[in-house]
Amino acid sequence: MKLFSKVIGIVFLVLVGCKTSVINIYVSSTKPISKEGDSKVVVSLEEALKTVLVYRENKNNAPIQIHLEAGEYRLSSPIKIGPEHGVVEIIGAGTDKTTIKGSELLNIKWEKYNDHIWKAQLDANTQFDQLFLNNEQQILARYPNYDENSGHWQGHAADAIAKERIQNWTTASGAIVHAMHSGEWGGFHFRATGVDDTGELVLEGGHQNNRPSKMNPKYRMVENVFEELDSPGEWYVDLKNTLFYWPSTAMDLQSTIAEGVTQKHLIEIIGTEENPVLGVTIKGIKFEHAQRTLFEEYEPLLRSDWTMYRGAAILLEGTKDITIANNEFTNLGGNVILVSNYNRGTKITDNHIYNCGASAISFVGSPSAVRSPSFQYSEFVSLAEMDTVKGPKSNKYPADALVDNNLIHRIGRVEKQTAGVQIAMAMHITVSNNSIYDVPRAGINIGDGTWGGHIIEFNDVFNTVLESGDHGAFNSWGRDRFWHPNRGKLNEIVANNPEMPKWDAIHTTIIRNNRFRCDHGWDIDLDDGSSNYHIYNNVCLNGGLKLREGFFRTVENNIILNNGFHPHVWFKNSGDVFKENIVFTEHRDIRLAEWGKEVDYNFFPSKEALDDAQKKGVDAHSIYGSLEFADAANGNYDLKENTAAAKIGFQPFKTDVFGVKNEKLKALAQKPTFPDLYFSANSKASDKVTWQHAVLKNIETMAERSASGLNKTAGVLVVSLEESSILKKSGIAVGDVIVSAEGKEINSIADLISTYQKLNWKGKIGLGIFRNQKEQQINLTTK
């Protein structure tokens, strides 16, 4: 028996030591293929997954690789992967070869409708929400017409749903109305069901934002109206399922390949915490064509400004160790990747995500994991009824995930309460080495404090908040259990419970070694309640850094160019620290009960800025002076070891190492516009400065003074203007000299920029200008 036991033990060790063979399944949608050995060959991804189940039913638990050969794979329903599939890799032949599409080919017979428009009768069961011809997305008939350079929805108009316009429509039912929040805090989307007795639209929807308001009176767009089909590229389907289309003159319509988008989701990987999907990998595939989801059910993400549809082109729930890598995602109508509720160890790396309707990558846990949750800005659970235990109530949230080396741009094309990376009700999410730009709202957004521990590092985030306002390239909220909409009550609550802000934000979130730029808000915006953050070694290119209504934030060793520190609405004993930073302006504080734990050892550009801070009782050991960066014009803000800033403890760090490192994506990625420096030794009085799409110059010679009819050698000369400049749109002309703003003298470009940064939130700033040797007043419209 002993000898038998030894033999069995040896056999067991040999079996354990052997590598399990990988099973290969090959899929070809276009032509028959043959493979050697035991490899299986099938004709669809659905059939491949059925084959996987056959192996599992026969007790074969070896890893399986599904190889998608070159070609297009069209889905008539989402691909579903569950725990029963085991460890599976779905591998494409490359994003330039293998494509999964949620659309169907349309068999269209075109005929003339009028001089410009063609029509085609669709099958009764053909339903789609987006039309592609020869791989190019066409425009659902709309007003105003599509113009890539016209801001919100690439064209907006105050009269989009005016009664005078509506009365010209044959039918209003089915019209889709897009409108910004009155404060530009994201958007709303409505569907018309008819017209009331007053001639106004009857609308349903508007549930896509968690801060209810009236429609913005200016930023509106309407689509899916036949009478608005008035320019090339527009299409419309009527109630009889007749497709109408206005082609460009160069298009051979009869030979075009037409595709209609039919699927909301493309792949769903769904298990449970008790029985999760394990070890699935998806790589080397291009994903296209998923429907817009505007009128699906949305849910509020606690007390953040977001509501969200809990779905996406790729949906994960109840998983462990899922990898989504080296894929391309484009022309998707809604969210791209959503990691929902319980998930652990998700890796989303080296993907290219662009031209999509909503958010790119989202981690959203369940409110059932949150203790005493509230779901509206004005809601609050009373202390008597509140669960006072720290941390999550269950494991139903994403954790320990990595978002690395992704190129994300031109997302939020339809929905405006969106982000490149969104985190809500999650823990320990690392977001690193991503390039994120051309987005309507934040590049990276953290919706609440639950439960922190995130690391945001080496990202390049710019061209943000392009179609909204009062936000940042990085934005966060922290309206957690401690937070109360009544600030006096909030102050009282935390005074009596000093550690309460950490009941939900149990781990410190780190923001380090990033480059941020926002021209329509803040570079870093820690808004209402955001608590327990450590922010260091970041380069802020334009919008400055804001901390509002939170606790336990340490901000140190950052370079804040052309702007400064914005502490808003601080409470007593906040524990906040702002030290050893390089700032370019005085502090822009609003409603502070006190200045936190420490605001000191900072480097200012001038004695005036430092004096302003010291009069407020802070920055006793701070200094001012000039700094010279390595190559500011090209985005290198490195400082030497013995720079003057070293005197206040500033530690030099690398300032040009941000964004994607993947060589393929790096070759595609853009970089931000590096600003002219307005308040430093790198700027000279004689320099021409580009600001707000205008070239400006300080008045500095008697000749310039005399030519303009000025009474002193000071002011800002407008040298040139682009059409998109807010100065030109406000009525300022080349040759004008700006001499005052809101009654305050403007002697230099630095004065103008500083005043703009302080007052642009008002929407307009009264400027005094000299034109034709006469002073006059012009309102500069800032939005």
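Reader: Is Asp460 buried or exposed here?

Author: Buried: in this predicted model, Asp460 has a relative accessibility of 2%. The cut-off for buried is under 20%, so Asp460 falls on that side of it.

Reader: Which element does Asp460 lie in?

Author: Asp460 belongs to strand 43, which covers residues 460-462.

Reader: And what does Asp460 touch, leaving out residues up to four places away in sequence?

Author: Quite a list! Asp460 touches Asn434, Ser435 and Ile436, then Arg515, then Phe658 and Gly659, and also Gln670, Lys671 and Pro672.

Reader: Nice. Switching to salt bridges: how many are there?

Author: The count comes to 45 salt bridges.

Reader: Let's take Glu549. Which residue does Glu549 form a salt bridge with?

Author: Its partner is Arg487, and the closest N and O atoms of the pair are 2.7 Å apart.

Reader: Which residues are linked in a network of salt bridges?

Author: Glu549 and Arg487 are both in that network, along with Arg211, Asp305, Arg479, Asp525, Asp527, Asp528, Lys546 and Arg548.

Reader: OK, what about Lys80, which residue is at the other end of its salt bridge?

Author: That would be Glu268, with the closest N and O atoms 2.6 Å apart. This pair links distant parts of the chain: Lys80 is in strand 5 (residues 79-81) and Glu268 in strand 22 (residues 267-270), 188 residues apart. Glu268 counts as buried, since its relative accessibility is 11%.

Reader: How many residues apart are Lys607 and Asp611 in helix 5?

Author: They are 4 residues apart in helix 5 (residues 607-615), so about one helical turn separates them.

Reader: Let's go to strands. Do strand 45 and strand 48 run parallel or antiparallel?

Author: Parallel: 4 bridges join strand 45 (residues 509-512) to strand 48 (residues 533-536). In this pairing Arg512 stands opposite Tyr536. Strand 48 is also joined to strand 51 (residues 553-556), again by 4 bridges and in parallel, with Ile535 opposite Val555.

Reader: What order do the strands take in the open sheet of 4 strands?

Author: The order is 8-21-11-12, with antiparallel pairing. Strand 8 (103-105) and strand 12 (136-137) are the edge strands, each pairing on one side only. Strand 11 (residues 131-133) pairs with strand 12 over 2 bridges, and Leu133 has Glu136 as its bridge partner.

Reader: Last topic, the largest nonpolar core. Which of its members touch the most other members?

Author: Those are Ile66, Ile353, Phe363 and Phe474, out of 86 residues. Helix 2 (residues 45-57) gives the most to this core, with 5 residues. Another core lies apart from it, with 23 residues, including Trp691 and Ile749.

Reader: And what is Phe363 in contact with, beyond its neighbours within four places in sequence?

Author: The contacts of Phe363 include Val339, Ile348, Pro398, Ala401 and Val403, plus Gln422, Ile423 and Ile429.

How values were computed:
Residues are numbered from 1 along each chain as its sequence is written. This is a predicted model: local features need pLDDT of at least 70, side-chain atom pairs count only at pLDDT 80 or more; totals for chains, interfaces and linings use all residues. Side-chain values use heavy atoms; hydrogens and water are left out. A nonpolar core is a set of buried Ala, Val, Leu, Ile, Met, Phe, Trp, Tyr and Cys residues joined through side-chain atoms within 4.5 Å. Buried means under 20% relative accessible area, exposed over 50%, partly exposed in between (1.4 Å probe, protein chains only). Contact means heavy atoms within 4.5 Å. Two strands pair if DSSP finds at least two bridges between them. A salt bridge is a side-chain nitrogen of Lys or Arg within 4 Å of a carboxyl oxygen of Asp or Glu.
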